[in-house]
Amino acid sequence: MAPQVWPIINSFLLETSTLFLLATGFFLIHRTARFLNIAHGDYATLGAYLVWSFVSLVGWNVWLALVISVVVTGLFAVLIDQVSYKYLRGAPLALLLCSIGVGLVVRYVIFIAWGARFKKLAFALPNVEILGTVISGSLILALVFGGFVILLAYYLLKYTGLGTSIRAVADNPKLAESFGIDTEKTLKFAWFLSGCSAALGGVVLVLYRPLTFDMGFMWILLIIAVSILAGTKINFSLLLGACSIIVGGMELSLFFISEAYRTGIGFAILIIAILVRSALEK
Amino acid sequence: MTVAFIAFCLSFISLFLIYVILVLALNLQWGQAGILNFGLVGFVALGAYTTAICMLDPSTLAHVDVGFGLPFPVAFVIAIIVTGIIAWLVSAIVRLGLEELAIISLAFAEFLHVTISNEEWLTGGTVGIYISSLLDEKLDLLGYNVAFTVILLVAALLVYYFTTKLNFSQFGRIANAIRQDEIKAKSLGIDTVSHRMKIFVIGSMIMAAAGSLYIYFGLRAVPELYPVGLTFAIWIALILGGTGNNLGAVLGMGIYMLLDMLARLYLNIPGHPEIAAGLKFVIIGLLLVILIIRRPEGILGPKRSRYG
């Protein structure tokens, strides 16, 4: 039994941490700037391509490349916000449409700059063997990054002034402003963190998938699904729970129907969750 | 001018007319009622595939197991009704928010795309379904294209008339009231959710009609005809031309298609095909961002009734 079960657990853990890392920044923006940033997946793609370029073209150490590209992607997210989203504050539908445009630009600039051919990040951690099961280096790294982000998010939100203002803006932006919180500055931080975590998610994704210009965009529907499922409170453990429910459901569905419908199952879970929640609210 | 050239021009015009019907349907949903429908292409594909499956002659089945051999008018009506029911289900799921409806409709389109690419017994998978139309058998190339264009022109004019009429009717005024201030509309005793659902269903049925007509003349239904990009192309045309203004929507569609054709003809960089392919989308994306920030009302602003 064990040999068949392990690959499923392995891919469950791997994809849950990837989805969590990809969704963290999206969720943060969804709750603070209050819109669905469709371009978020493309920020992840950008982060992954930057790491690949620094490693393969410039020849830097992987860890240095990782840190630099995470920071650069964060700054990039702030820049995009300053030149576009800033003008549309408080209009979620216009912001949603605008982010589709931003996503198109980022995605196809990547396409032009790096080409359409598949690339592979030439980086692998050694596999570890525990109790007879081989645990891949990618999985360990994904779990470490996921754990790091959730602990960091917990610390930031709970113990720092920045986290308090993020929570205040997420609860009620107008009230937060009237209490003297600089909403714009808080949003700038939120965008920076959002870009950083997207880049981490992109890097974890390319540990086990090839780099393609639309790899981040492919995940955006699942990211939106977990972000809606996680609810209206800014709580990252709920987000992790949402990720594991959706990925878990998709993994289990492999026993019953064809793999092509995986994403469809993710959505079926989202729809059921929305229905249950609205039934409970009544 | 050769016959082939005229036929080419006519097929271009008919494609434009199909897009005009789609942009008018989207304008009904977004411009009038403020509904974000990102699953446009899904409803088009649904109408097209339902028509194709209904029309497929059961005696000539090759790689598909289902076919009913119905005549086109019956298949057309069935396609619209089926899409209406599914659009109603999609909108009934998310009676709540507009953002949820946007995402669920996008997910629906994705799901439908996967289904039609994989369920070979029903849709022929990536090979698709080929149907034979009566016109195809009786007319030559030119006559065929003329007939197609005329029928589409009539259809587009009907949709234009219908959506404009709707905008200035009480139904449209209520929709405008909901879009402008939902809470106020509710306080006046309007059932905002069910009104919005009605508009979503009507718009989706028009989209299905466009898909159905196109399949009848295009003669084959394949998944590649319905990329997600088509949804965004129609969206950009609408935002370009003028949200809430039917004339603006048609104008926007015309400008979009002109830009698209110019990009195809002149945007060629030898040796770097990906630059030309990518640049088109970069320009579309930039255009979308700039328009939404600088001129959200489009080239022609919204045109509403005096009370709208």
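# Exercises on a two-chain model

Ser91(B) sits in helix H3 of chain B. Helices (H or I, at least four residues) and strands (E, at least two) are DSSP runs, numbered from the N terminus. The model is a predicted one: local features need pLDDT of at least 70 and side-chain atom pairs count only at pLDDT 80 or more, while totals for chains, interfaces and linings use all residues. Residues are numbered from 1 along each chain as its sequence is written, and chains are lettered from A and ligands numbered from 1 in the order in which they are written.

## Exercise 1

Decide whether Ser91(B) is buried or exposed, and list the residues in contact with Ser91(B) outside its sequence neighbourhood.

Step 1. Ser91(B) has 23 other C-beta atoms within 10 Å and is therefore buried (20 or more such atoms; exposed means 12 or fewer, partly exposed in between, with C-beta atoms placed from the backbone).

Step 2. With neighbours within four places in sequence left aside, the contacts of Ser91(B) are Leu101(B), Met197(B), Phe200(B) and Val201(B); contact means C-beta atoms within 7 Å.

Step 3. For Val201(B), the separation from Ser91(B) is 110 residues in sequence and 8.0 Å in space, C-alpha to C-alpha.

## Exercise 2

Describe how H3(B) and H4(B) cross, and name the residues that make the contact.

Step 1. The axes of H3(B) (residues 72–93) and H4(B) come within 9 Å and cross at roughly 140°; axes are lines fitted to C-alpha atoms, for helices over the stretch in contact, and angles run from 0 to 180 degrees between N-to-C directions.

Step 2. The two helices H3(B) and H4(B) are therefore oblique to each other. Angles under 35 degrees count as roughly parallel, over 145 as roughly antiparallel, 65 to 115 as roughly perpendicular and the rest as oblique.

Step 3. H3(B) and H4(B) have a right-handed crossing (near helix turned clockwise from the far one by less than a right angle; anticlockwise gives left-handed).

Step 4. H3(B) contributes Val90(B), Ser91(B) and Ile93(B), and H4(B) contributes Leu101(B), Ile104(B), Ser105(B) and Phe108(B).

Step 5. Sorted by class, the contact of H3(B) with H4(B) contains five nonpolar, two polar and no charged residues. Ala, Val, Leu, Ile, Met, Phe, Trp, Tyr, Cys and Pro count as nonpolar, Asp, Glu, Lys and Arg as charged, and the others, Gly among them, as polar.

## Exercise 3

Work out the crossing of H2(A) and H3(A) and the composition of their contact.

Step 1. The axes of H2(A) and H3(A) (residues 62–83) come within 8 Å and cross at roughly 145°.

Step 2. The crossing of H2(A) with H3(A) is right-handed.

Step 3. Residues of H2(A) in the contact include Tyr43(A), Leu46(A) and Phe54(A), and those of H3(A) include Ala65(A), Thr73(A) and Phe76(A).

Step 4. The contact of H2(A) with H3(A) comprises 14 nonpolar, three polar and no charged residues.

## Exercise 4

Step 5. The crossing of H4(A) and H13(B) is left-handed, and their contact has 21 nonpolar, three polar and one charged residues.

## Exercise 5

Find which residues have the most contacts inside the largest nonpolar core, and trace the contacts of Leu22(B).

Step 1. The largest nonpolar core holds 186 residues; such a core is a set of buried Ala, Val, Leu, Ile, Met, Phe, Trp, Tyr and Cys residues joined through C-beta atoms within 7 Å.

Step 2. Val226(A), Ile21(B), Leu22(B), Val23(B) and Val44(B) have the most contacts inside this core.

Step 3. Not counting residues up to four places away in sequence, Leu22(B) touches Leu40(B), Val44(B), Met207(B), Ala210(B) and Ile234(B).

## Exercise 6

Locate Arg34(A), Phe12(A) and Ala122(A), and classify the exposure of each.

Step 1. Arg34(A) lies in the loop between H1 (2–32) and H2 (40–58) of chain A. Arg34(A) has 16 other C-beta atoms within 10 Å, so this residue is partly exposed. Its phi is positive, about 60°, although Arg34(A) is not a glycine. Most residues other than glycine have a negative phi.

Step 2. Phe12(A) belongs to helix H1 of chain A and is partly exposed, with 16 other C-beta atoms within 10 Å. Beyond four places in sequence, Phe12(A) is in contact with Val247(A), Gly248(A) and Glu251(A).

Step 3. Ala122(A) is in the loop between H4 and strand S1 (128–130) of chain A. Ala122(A) is exposed because 9 other C-beta atoms lie within 10 Å. Not counting residues up to four places away in sequence, Ala122(A) touches Val55(A) and Ser56(A).

Note on methods: Contact = placed C-beta atoms within 7 Å.
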